[in-house]
Amino acid sequence: MSDSLSSGEETSADPVLASVEAGRLLALRKSAASQREARRQGKRLFNMGIVGTGAALAYFGFKSNVADPLHLYLGLVIFVLAVLPSLMWARRGEYGLPVFEAFMLPGVNTFAVPLLHGKEALRLYQPDTITLAALGVILFQVSANLCFFMIKARPKRGRAWREEIMSKSVSRLLGYGMLVTTLYTVVVQFADWIPTAIVPEVRAVCTGVGIVAAFVQSRRWGEGQLPYYDKIIFVVQLILQVVFNWVALFLVQGVTILVLSLLGYVSGSRRIPFIPIIVCLPIIGILYNGKAQMRAKYWNATAAAVTIPEVPSFFSEWVEDGLNQDKDPDAAKSAGVLDRTSLIQIICLVVKVSPNEKPFLDGETYWQIPGQFIPRFFWKDKPLGHISTYTLTLYYGLQGSMEEAQQTTIGFGVVAESYANFGFFGMAVIGCFFGFFFKKATGWSSASPIFSYPGLFLVVLMAWTFQTELPLSAWLASLWQACLSVLGLPLVLRNFFK
């Protein structure tokens with residue numbers, strides 16, 4: 001009898017075990033299929049990147065406008081070192097976020113292209129100075145790439161690294177968080193409802209929510225998980241945010257939102273959305289051409305503020321100025337899109353001045369970093385957030401006084417800052433620092449869900465890779481403030497949606 005019961009128990013358990021085993025096998029097949037698809041799409045993206053890079057190198061090889069033939073080869077090397085991490089990321093066929101890759105890629109427009117185009121400002125410097133500046137950039141790039149690719153970083157397996165901090169309902173709600181940022185953009189541009197005392201805090205929260213929401217929605221779209229009606233809402237919100245940011249004549253904010261959304265889509269789909277890129281690039285170029293004229297007209301005490309009904313005519317005027325810029329006899333003196341984002345001339349300046357005319361700063365701007373993390377509530381005389389930028393611009397004579405420096409902020413970037421402090425040794429060290437930092441951040445978080453604390457941190461870090469003009473103190477301090485708002489928000493949401 002016991003034998004028959006035992007036989008009956010085994011017989012009844014067989015379907016359950018078979019079902020569990022079938023489920024496990026199905027999950028393994030889906031995972032394997034997903035990995036094969038990722039590799040296939042990654043290979044296609046890699047091949048497209050190789051073709052595009054080859055075409056760009058061939059174009060600059062024949063059309064470059066350099067004073068010294070050596071600068072052509074140095075510019076091409078800078079170009080390759082800037083795109084190499086992105087090509088390697090595509091070739092690996094993984095779905096991890098390309099944070100380091102996004103950090104290195106702007107080297108194309110900040111260093112390589114201005115050098116190859118023979119940027120107007122470079123004519124102020126001797127060929128030897130430009131050569132040293134280009135070699136310094138290459139030293140930074142090589143150091144960063146070597147550290148990133150050689151250092152090991154295994155995924156963390158602890159609970160804090162694997163636990164999603166928001167439920168699916170909260171995640172869907174956060175997907176509509178772009179509405180919060182859109183409303184804030186409208187209010188801050190067209191009204192004064194927000195008390196001045198709390199504007200920085202409100203801006204930090206709304207910007208943080210917008211960063212996460214825009215990236216997550218675009219990545220879901222790339223993964224094929226975004227419903228049709230959510231796509232419409234996302235596109236409308238994206239356009240509104242960009243337009244209302246541009247009304248203030250600060251193009252960088254709108255461009256950052258667009259690039260972040262682009263990276264979210266590409267990281268999820270392994271495909272490049274050519275049509276949106278083809279549509280957006282000429283528009284951005286035209287607006288950049290007309291930005292100086294529009295600022296001259298609207299950034300003065302007598303100019304009336306733009307109202308919402310006047311937005312269409314405002315952009316019509318802007319487009320007209322941008323198109324007429326090419327017909328202006330002084331157009332050659334104006335800077336285009338790539339020239340406006342260039343930092344190579346700043347590196348030429350610091351290479352020319354230091355150490356021959358002025359000694360290195362020996363870490364002065366780096367000693368300003370700790371103070372940026374002290375709340376102003378505890379330190380009423382805390383230095384301004386751009387204190388390192390002001391220090392550099394005054395030291396190198398770009399501006400004559402602190403008042404001038406505060407009115408017009410000149411971008412220096414971490415590469416020029418590193419040379420200003422410690423010369424070529426500083427460039428190598430800062431490259432190693434960023435290579436190490438990004439490798440550990442992405443490697444440790446590679447197995448973390450997007451809605452875990454490490455996953456959200458990577459999203460914020462991705463947005464901050466575009467801040468190429470900031471010195472290290474401003475970059476770290478603003479990243480810290482954004483992380484506080486983004487990573488602190490889920491704690492509030494979880495108290496309402498459990």
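**Helix packing, burial and charged pairs**

Analyst: Let us begin with a pair of helices, where H5 passes H19 in a right-handed crossing. Please keep in mind throughout that this is a predicted model.

User: At what angle do helix H5 and helix H19 pack, and how far apart are their axes?

Analyst: Helix H5, which covers residues 127-150, packs against helix H19, residues 413-444, at an angle of about 25°, and their axes are 7 Å apart. Because angles under 35 degrees count as roughly parallel, H5 is described as roughly parallel to H19.

User: How should I read burial for a whole helix, and how many residues of H17 are buried?

Analyst: The reading goes residue by residue, with buried meaning under 20% relative accessible area. Helix H17, spanning residues 387-395, is mostly covered, since seven of its nine residues are buried; these are Ile387, Ser388, Thr389, Tyr390, Thr391, Leu392 and Thr393. After H17 comes glycine 397, which has a positive phi, near 75°.

User: Is histidine 71 buried or exposed, and which residues does it touch?

Analyst: Histidine 71 lies in helix H2, residues 69-92, and counts as buried because its relative accessibility is 2%. If residues up to four places away in sequence are set aside, histidine 71 touches Val66, Leu115, Leu116, Pro127, Ile130 and Thr131.

User: Let us turn to charged pairs; how many salt bridges are there?

Analyst: The general idea is that side chains of opposite charge can pair when their charged atoms come close. The working rule asks for a side-chain nitrogen of Lys or Arg within 4 Å of a carboxyl oxygen of Asp or Glu, and by that rule the count is five salt bridges.

User: Which residue forms a salt bridge with arginine 159, and which with glutamate 223?

Analyst: Arginine 159 pairs with glutamate 163, their closest N and O atoms being 3.4 Å apart; arginine 159 counts as exposed at 67% relative accessibility, whereas glutamate 163, at 31%, counts as partly exposed. Glutamate 223 pairs with arginine 219, again with the closest N and O atoms 3.4 Å apart, and here glutamate 223 is partly exposed at 34%, while arginine 219 counts as buried at 12% relative accessibility.

User: What is the partner of lysine 352, and which residues are joined into one network?

Analyst: Lysine 352 meets glutamate 357 in a salt bridge of 3.4 Å, N to O, with glutamate 357 exposed at 53% relative accessibility and lysine 352 partly exposed at 36%. Elsewhere, salt bridges that share partners join Lys297, Glu317 and Asp321 into one network.

User: How many disulfides are there, and is cysteine 348 buried or exposed?

Analyst: A disulfide would require a pair of cysteine sulfur atoms within 2.5 Å, and by this rule the count is zero disulfides. Cysteine 348 counts as buried because its relative accessibility is 0%, and cysteine 483 is likewise buried, with a relative accessible area of 9%.

Notes:
Residues numbered from 1 in each chain as written. Predicted model: local features only at pLDDT ≥ 70, side-chain atom pairs only at ≥ 80, totals over all residues. Heavy atoms only, no water. Buried < 20%, exposed > 50% of the residue type's maximum accessible area, 1.4 Å probe, protein only. Axes fitted to C-alpha atoms, helices over the stretch in contact; angles between N-to-C directions. Helix = DSSP H or I, 4+ residues; strand = E, 2+ residues; numbered from the N terminus. Parallel < 35°, antiparallel > 145°, perpendicular 65-115°, else oblique. Left-handed = near helix turned anticlockwise from the far one by under 90°. Contact = heavy atoms within 4.5 Å.
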